[in-house]
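Dear colleague,

Please find the structure below, handed over for your further work.

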Amino acid sequence: MALLTVEGITKRFGGLQVLNGVDLTVAEGSLTGLVGPNGSGKTTLFNVIFGLYRPDGGFVRFRDRDITGFPPYKVYQAGLAFAFQLPRLFYRLTVLDNVILAARRQRGESFWAALFARRAWRREERDLAEKAYGILELLEMPHMALKPAGELSGGQRKLLEIGRALMAEPELLLLDEPAAGVSPALALKVYELLARLREKGITIFIIEHRLDLLLNFADRIYLMDKGAIALSGPPAAVTEDPVFYSVYVGEHRKWVS
Amino acid sequence: MAADPLIYVLDMLVFIGIFSLLAISLNLEYGFTGLGNFGKVAFFMAGAYTYALMIETGAPILVSLLGGATVAGLLGGLVSLPALRLREDYLAIVTLSFGEILRLFVKAQEGFTGGVHGIQVPAAFTAFVASPRLFGLANVVLVYLVAGVAFLFVQALINTPYGRVLRAIREDDVAVQVLGKNPVLYKVQVLVAGSFLAGLAGGAFAQYMRFIDPYMFLPLVTFYVWIALILGGPANNWGAVLGALVVEIFNRGTRIAKDYLVLPVDPNNLQFIMFGVLIILLLLYRPQGILGESRLRTPAFRRWEHGAADR
Amino acid sequence: MEIDLGQIILNSLITSSLYLLAGTGLTLTYALSHFPNFAHAEFITFGAYAGYLFMDRPDGSFPAALGSGFVGAGILSALSYLLVFRPLTQRRASLVHVMIASIGLGYAVRHAIGETWTWGALSYQVIWSPYEIAGLRVTALWLYLILTAGTIALILHFFLTRTRLGKAIRAIATNPELARVTGINQHQVTLLAWILGASLAGLAGVFRAADTRLFPMLGWDILLPVFAVTVLGGIGSFYGLIAASLILGFAENFGVVFLTRAGLSTEYRMMIAFLVLIVVLIVRPKGLARW
């Protein structure tokens, strides 16, 4: 069943047509990849899906709900989560707080409940803290829990960005290049995390340049070029298609495994 | 100025209390949520004038105070709706302009608010008016009661998941959206609450001064509150109080110097010159103020702080 | 009360000219340094007081006063930039912090001026007697003001479009990264823009003091209207500023006529500028020029 449907999305920035009618679907329970050369519009598409930009035309549907043009907080509430390529953490807050913030529907986050329903949210806080700590242990950084997020290394920050997604327990997780700029060992760890997420039933939609990783984990790949989908299908089929190589002109030799 | 030192001290305490309340209100808006409100005096003024008008109609003191605070809060809500989506510098200019517009409006209204002549505020503590010392003391009690409640309120609000969202908004109000929180809602709430508190301070001020006019509500007041907050430490309620204390004492100090010392420089001017230089130096070398930011103490934090040994 | 259209138009041009001279510096520094400088008011004021050096006697030379104001304000601005604003931006101070620093600087300078001269109002000693030309009441001062503003507008037009420095300023205002890459020394150009802009503001101060009185709040009194024209014209746009100055100048002066007719206090005149400011910021923050 298609969890996410994107239909005819267009987006223009000044003189540049960045998205040129994008159509794709993400099947429930899958790990779907979005690849393509730099400048093909992948990140812009994700930003549009998550409401950071409004599309000029087209639709985004989540299950059977039209979420086109929803502001990001509404998209989140509909059941999605987003991990940025360059982590957007809250650097002066503690690592623990950064994770807890990602949890859904916290009672204590409302003005009146925070002041008057103290018992209720205190209990919830404790449970969330346990869960958050568990996630930090998984990410191998429990010792950093009470330190400001600004003290994390680059690799740890990337992991934390994904850890927040775990906390958010979305139905669909969008990840923009989770393995970018990290060591191969860490990249593998990231993907193992993603596999865990899949086991929990979270659908994953991922922009990735590291095709070697994606080829082992993805169910389906979309190839984007100049703002539109050029190719789609299971990884093996896509990588053997001549269109794939012509889009990545000059780069194909790297990816032959 | 009274020659009675006790009255002088009481007077100073009242002003420190009122300033603390204003600084706490700004702390909620700027220190914790990152909202650069440059129009604090407008809400202070709204509270003061509303209190004055209500007490004239015979309303009891508490009702008038709350009435002033409510009007100020509503005004804050009104201003926030268009203003909060603006980026920081525009927000500053808009709030500053709003403060001036309100002041000019009040100044121009002859009948309703007394215009340039101001209004007399009937004393609520009629029993104490006869004795200046008791009057002073009664006001100190009132002001610190109100300020104390405000302090506890903001402290209570801050160390909660709500407070955590506020601080997150301060860091990055787009990332907060991606995690499902709507920053506009929080910002409006904070501005309403902050304006409410400023209105309370205004009512207490009107009550104590027994007379208000538009010249008491210049942008200077907003500036004083900002200095107090930055000096004491933004995002720290104790810092807000400390800052208010220091600013008021400094204020007084220069006024005393005028009467008792012969300086080559007019202390009034010197005070402002020093304040200006001080704030610049603070912002250059210690922008976190004397006390620095307070830690976010939610149950989660406390749990791990104590339970760290179990891990 | 009949409307003396000619007189109102003249008054509008006077107001517009003042705003143009005062606003150029603000729009430039706002665009190049990315913050609204609330101490800009003091560049205006200090220029006026510097001009007083030549205006404290009836036979003083007005051109000398203008020159003095021009130079004095420029020096103050250079010091402000080098001692306060540049260090702050180098320390990556937040926008709110820099704005507060500018407010603090403003208070310090204002009171230093009050201390050095007097807090009370002084007067330029040179008298400008009104003439009657074509049924309009004019003074030579007003004509000089309009002439100066017009000339400056032309000079700046050529400066911004034909000279290297002018083009560098425009480049940095629109695209700082690109400008840096093309080898423009951002620090130097910004400093020069601060000086130039303040010098023009100093001229505005001299004119305003000559037309009204000399007092420490001279600049602050018109700061928010000057902000209004800066924002309305589009921050960093000189041509937008020209248009906005004209618009606001006419709006204020015609507005005063309507206010008096409607029996409302002319205190509301100030509100015209403020309302313009607030509405523009909320509805169309990029202003007329849309840079």
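Between chain A and chain B, the count is 6 salt bridges. Please note that this is a predicted model. A salt bridge joins the side chains of Arg92(A) and Glu293(B), at 3.6 Å from N to O. Across the interface of chain A and chain B, 12 residue pairs are in polar contact, both residues being at pLDDT 80 or more.

On the side of chain A that touches chain B, at least two residues come from each of α2 (72-78), α3 (95-100), α4 (111-116) and α5 (118-138). Of these, α5(A) gives the most, with 9 residues. By class, this side of chain A has 23 nonpolar, 5 polar and 11 charged residues.

As to extent, the contact takes 39 residues from chain A and 37 residues from chain B. The two chains bury about 3500 Å² between them, with 65% of this on carbon and sulfur atoms. In chain A, the most area is lost to chain B by Tyr73(A), Phe90(A) and Phe111(A), together 18% of what that side buries.

A helix pair in chain C was also examined. The axes of α9 (residues 218-233) and α11 (residues 268-283) of chain C come within 9 Å and cross at roughly 35°, and the crossing is left-handed. Among the residues making this contact are Leu224(C), Phe227(C) and Val231(C) of α9(C) and Phe274(C), Leu277(C) and Leu281(C) of α11(C). The contact of α9(C) with α11(C) comprises 13 nonpolar residues, no polar residues and 1 charged residue.

Yours sincerely

Terms used: Residues numbered from 1 in each chain as written. Chains lettered and ligands numbered in written order. Predicted model: local features only at pLDDT ≥ 70, side-chain atom pairs only at ≥ 80, totals over all residues. Heavy atoms only, no water. Axes fitted to C-alpha atoms, helices over the stretch in contact; angles between N-to-C directions. Helix = DSSP H or I, 4+ residues; strand = E, 2+ residues; numbered from the N terminus. Left-handed = near helix turned anticlockwise from the far one by under 90°. Contact = heavy atoms within 4.5 Å. Nonpolar A, V, L, I, M, F, W, Y, C, P; charged D, E, K, R; others polar. Buried area = accessible area lost by both parts, 1.4 Å probe. Salt bridge = Lys/Arg side-chain N within 4 Å of Asp/Glu carboxyl O. Polar contact = N/O pair within 3.5 Å; in protein donor to acceptor, adjacent residues only side chain to side chain.
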